[in-house]
Number of protein chains: 6
Amino acid sequence: MPQKFWEDFDIGFKFKTASITVTETHVVNWACLTMDFYPLHVDKEYAAKTVFKERVAHGPLIFGMAVGLVGMTGVAADAVIAWLGVDSLKMRAPVKIGDTITVEVEVIEKRETSKPAQGVQTWRYNVCNQRGEVVLTCEMKFLMHKKER
Amino acid sequence: MPQKFWEDFDIGFKFKTASITVTETHVVNWACLTMDFYPLHVDKEYAAKTVFKERVAHGPLIFGMAVGLVGMTGVAADAVIAWLGVDSLKMRAPVKIGDTITVEVEVIEKRETSKPAQGVQTWRYNVCNQRGEVVLTCEMKFLMHKKER
Amino acid sequence: MPQKFWEDFDIGFKFKTASITVTETHVVNWACLTMDFYPLHVDKEYAAKTVFKERVAHGPLIFGMAVGLVGMTGVAADAVIAWLGVDSLKMRAPVKIGDTITVEVEVIEKRETSKPAQGVQTWRYNVCNQRGEVVLTCEMKFLMHKKER
Amino acid sequence: MPQKFWEDFDIGFKFKTASITVTETHVVNWACLTMDFYPLHVDKEYAAKTVFKERVAHGPLIFGMAVGLVGMTGVAADAVIAWLGVDSLKMRAPVKIGDTITVEVEVIEKRETSKPAQGVQTWRYNVCNQRGEVVLTCEMKFLMHKKER
Amino acid sequence: MPQKFWEDFDIGFKFKTASITVTETHVVNWACLTMDFYPLHVDKEYAAKTVFKERVAHGPLIFGMAVGLVGMTGVAADAVIAWLGVDSLKMRAPVKIGDTITVEVEVIEKRETSKPAQGVQTWRYNVCNQRGEVVLTCEMKFLMHKKER
Amino acid sequence: MPQKFWEDFDIGFKFKTASITVTETHVVNWACLTMDFYPLHVDKEYAAKTVFKERVAHGPLIFGMAVGLVGMTGVAADAVIAWLGVDSLKMRAPVKIGDTITVEVEVIEKRETSKPAQGVQTWRYNVCNQRGEVVLTCEMKFLMHKKER
């Protein structure tokens with residue numbers, strides 16, 4: 001793939017990732033790996049008595065998978081120098097076991113830095129389920145290479 | 001453990017979690033589970049040529065583990081109704097394979113809501129390594145039960 | 001949490017852990033990790049012809065999860081110097097995929113040792129399913145710190 | 001077990017392995033470990049629209065499990081010096097989540113080498129499901145010890 | 001393999017399993033699967049200050065792997081009706097990351113039951129490391145098929 | 001990405017995948033998932049006495065990872081209707097824990113089928129390590145979409 005730069009992504013640029021089904025295996029392996037055994041995620045009996053009626057995937061799992069799905073597209077990999085962080089990460093709707101998620105990405109902010117070879121961009125991730133409902137949103141900030149002149 | 005409420009956590013309240021070593025197994029299992037195979041995390045040869053000189057743990061992995069470590073303390077579980085999201089999540093320093101992390105938590109914001117039985121709090125998580133350096137910071141927002149009157 | 005000692009746990013003291021659902025993922029990952037591919041646990045066709053009618057979780061898996069659930073309560077962690085072993089571990093009823101387990105712990109034995117700073121205790125673990133049936137019982141022995149005088 | 005040699009396996013010799021159920025956990029863990037997130041394997045919505053109607057296990061997963069099932073029988077372990085490779089590996093029918101596989105092995109070729117202490121054999125693996133349908137076939141070549149004279 | 005029975009295993013019968021190296025991956029995956037994050041197993045900094053100087057594998061992990069290693073030999077699988085439990089399970093020496101374990105099994109007890117078709121046996125498992133040191137011992141009880149007459 | 005077809009890949013077309021380090025975690029998780037506990041892969045003591053001097057990754061693991069690495073490039077995903085199988089899969093050199101692999105792909109065969117809308121191609125995969133040595137080769141056959149006319 002050709003090298004990409006800060007200049008190649010304008011505000012309003014959008015793309016979509018591949019999709020993946022969030023399985024019970026993801027939820028159990030996640031609980032294990034991150035030590036997050038909150039009963040809504042790992043205790044069927046508890047979950048059945050909540051408003052959700054069943055176990056719900058961990059929010060940070062959906063965030064982690066969103067980061068991976070975007071990375072797998074290869075859209076920006078070469079352009080990114082560093083991940084500057086995330087803001088406004090919010091769960092919008094529960095992700096249940098068996099739901100299939102896709103990430104819709106949009107460039108929403110773009111600015112130069114004091115270094116002529118580096119720029120910053122903010123990309124909004126909307127994670128959607130198989131019914132098109134938005135389940136998680138967040139704003140990712142990246143430091144990017146600018147074209148040399 | 002006794003039931004806890006919004007009223008039980010004042011601005012300035014602090015606590016610390018247990019510690020855990022971030023191993024190669026965590027990094028590999030994470031890459032797998034979230035499909036994040038960015039070479040800095042999974043390719044030794046690539047990583048050796050970066051400023052980090054070696055593979056670095058994924059930022060969202062450290063965030064996920066921080067959420068789990070705080071949950072395992074049991075400090076607030078009963079008080080929390082829902083996780084409202086996270087802001088200002090930033091990596092401050094690289095976490096390398098073999099580093100050991102601990103989370104220091106501080107209540108930094110607290111407000112009532114329109115519902116008398118529910119309040120909101122913001123907790124700052126400082127994730128530190130074995131040398132006491134802060135490696136990740138973020139601000140978690142929780143909806144909490146208030147005491148019934 | 002305040003430091004706990006041998007003196008803090010009297011015969012008859014009881015507590016209960018959190019609960020967790022034993023999933024197919026647990027059973028498959030367990031078979032993998034411990035190389036226990038006995039067909040009752042991993043072969044649906046074989047299991048369907050047994051008295052159990054379906055796959056059953058490995059006994060040592062339920063034991064391992066019981067140890068973890070008790071540890072996560074934090075009730076005794078600081079007091080324990082070493083795990084001296086387990087006796088009378090028995091499966092009382094099958095644990096099927098989808099069952100949710102909880103551990104009820106009771107201190108059943110307590111004695112001093114030749115060292116004034118160390119005592120021994122035996123704790124009985126009753127692992128129960130979501131219908132309150134006991135599925136596994138065992139007696140765990142711990143070496144514990146005594147209060148300094 | 002007694003040491004086995006090239007001479008102990010004649011053309012036409014057959015044996016069968018134990019059986020194992022291919023679960024969603026296998027498919028998800030496989031996708032993770034080998035980075036093979038092709039949607040037919042990991043995206044329920046996509047798979048529902050294919051001729052298969054549901055997710056299908058990865059072919060190389062079935063191959064990998066076949067290798068393991070044959071190894072676990074212990075039939076030839078001592079006789080084998082090295083695995084020379086595989087030919088004619090083909091999927092014959094889809095393996096769906098919940099199918100149970102068994103491997104039927106037959107020695108189909110046998111020849112001496114230039115070294116008097118080593119011979120070569122080709123073993124055909126037929127992987128079958130719980131309905132006796134062949135789902136994968138391949139021909140494995142092994143370098144083997146010959147009896148010393 | 002030919003069917004085996006209670007009569008085929010006399011007191012004093014001994015056999016040895018294959019060996020396996022206990023890796024950091026086993027310890028981390030175990031902690032995850034069983035929720036046992038006791039710092040001696042998962043916190044390098046903590047472990048360095050103990051008498052062990054480094055992380056030690058969980059006792060129940062070594063027990064679980066011993067059960068699997070014995071099962072993989074296939075020595076008794078067909079003869080066993082049910083696992084009646086375990087007694088006198090004790091850690092004798094620490095297992096460190098990188099140690100290689102083998103199980104030595106000996107039949108130490110054998111008795112008839114009220115049912116003419118069923119007998120009971122106790123098998124002692126001695127788990128040894130690569131230096132031949134015994135690291136775990138336990139006594140496993142099995143219900144077994146007797147030969148029909 | 002634009003839709004690709006059989007016509008888009010001519011004999012001699014070459015591309016390279018991303019790289020990944022094969023870790024102890026991969027080898028242990030692989031042994032677990034496929035039940036392949038051959039001592040050369042999982043027993044350090046045994047492996048130390050072989051010509052390899054240390055544990056070697058499973059051949060089918062390297063094959064599985066090669067399939068995944070090629071899939072992640074996205075080069076051909078849309079063009080492929082089905083995987084017809086693999087031939088001439090051979091290990092050329094051992095892959096040791098810590099080695100980093102890359103796949104070089106070359107189209108080596110191409111033919112029409114009786115159906116005007118489908119063609120077949122054979123792609124050779126050369127898996128190389130960080131020193132550029134070829135460690136595994138195989139020939140993958142794919143059924144592909146032809147352009148509609």
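Guide: Helix axes are lines fitted to C-alpha atoms over the stretch in contact, and the angle between two of them runs from 0 to 180 degrees between N-to-C directions. The model to which this is applied here is a predicted one.

Visitor: At what angle do helix H1 of chain D and helix H1 of chain F pack?

Guide: Helix H1 (residues 24-34) of chain D packs on helix H1 (residues 24-34) of chain F at about 155 degrees. The two axes lie 11 Å apart.

Visitor: What makes H1(D) and H1(F) roughly antiparallel?

Guide: Angles over 145 degrees count as roughly antiparallel. The angle between these two helices is about 155 degrees, and H1(D) and H1(F) are therefore described as roughly antiparallel to each other.

Visitor: Which residues make the contact between H1(D) and H1(F)?

Guide: H1(D) contributes D:His26, D:Asn29, D:Trp30 and D:Leu33. From H1(F) come F:His26, F:Asn29, F:Trp30 and F:Leu33.

Visitor: Is the crossing of H1(D) and H1(F) left-handed or right-handed?

Guide: H1(D) passes H1(F) in a left-handed crossing. That term applies if the near helix is turned anticlockwise from the far one by less than a right angle.

Visitor: Why is H4(C) called largely enclosed?

Guide: A residue is buried if 20 or more other C-beta atoms lie within 10 Å of its own. In H4(C), 14 of the 15 residues are buried, so the rest of the structure largely encloses this helix.

Visitor: Why are chains A and B said to be related as by a two-fold rotation axis?

Guide: Chain B is superposed on chain A by a rotation of 180 degrees with 0.0 Å of shift along the axis, at an RMSD of 0.0 Å. The two copies are thus related as by a two-fold rotation axis. In chain B, the C-alpha of B:Asp87 is the nearest to that axis, at 2.2 Å. Both copies use the same surface, since 100% of the contact residues of chain B recur in chain A.

Visitor: What pattern does chain A follow along its sequence?

Guide: Chain A has 4 helices and 5 strands, in the order β-α-α-α-α-β-β-β-β. Of its 149 residues, 46% count as buried.

Conventions
Residues numbered from 1 in each chain as written. Chains lettered and ligands numbered in written order. Predicted model: local features only at pLDDT ≥ 70, side-chain atom pairs only at ≥ 80, totals over all residues. Least-squares fit on C-alpha atoms with pLDDT ≥ 70 in both. Contact = placed C-beta atoms within 7 Å. Buried ≥ 20, exposed ≤ 12 C-beta atoms within 10 Å, placed from the backbone. Parallel < 35°, antiparallel > 145°, perpendicular 65-115°, else oblique.
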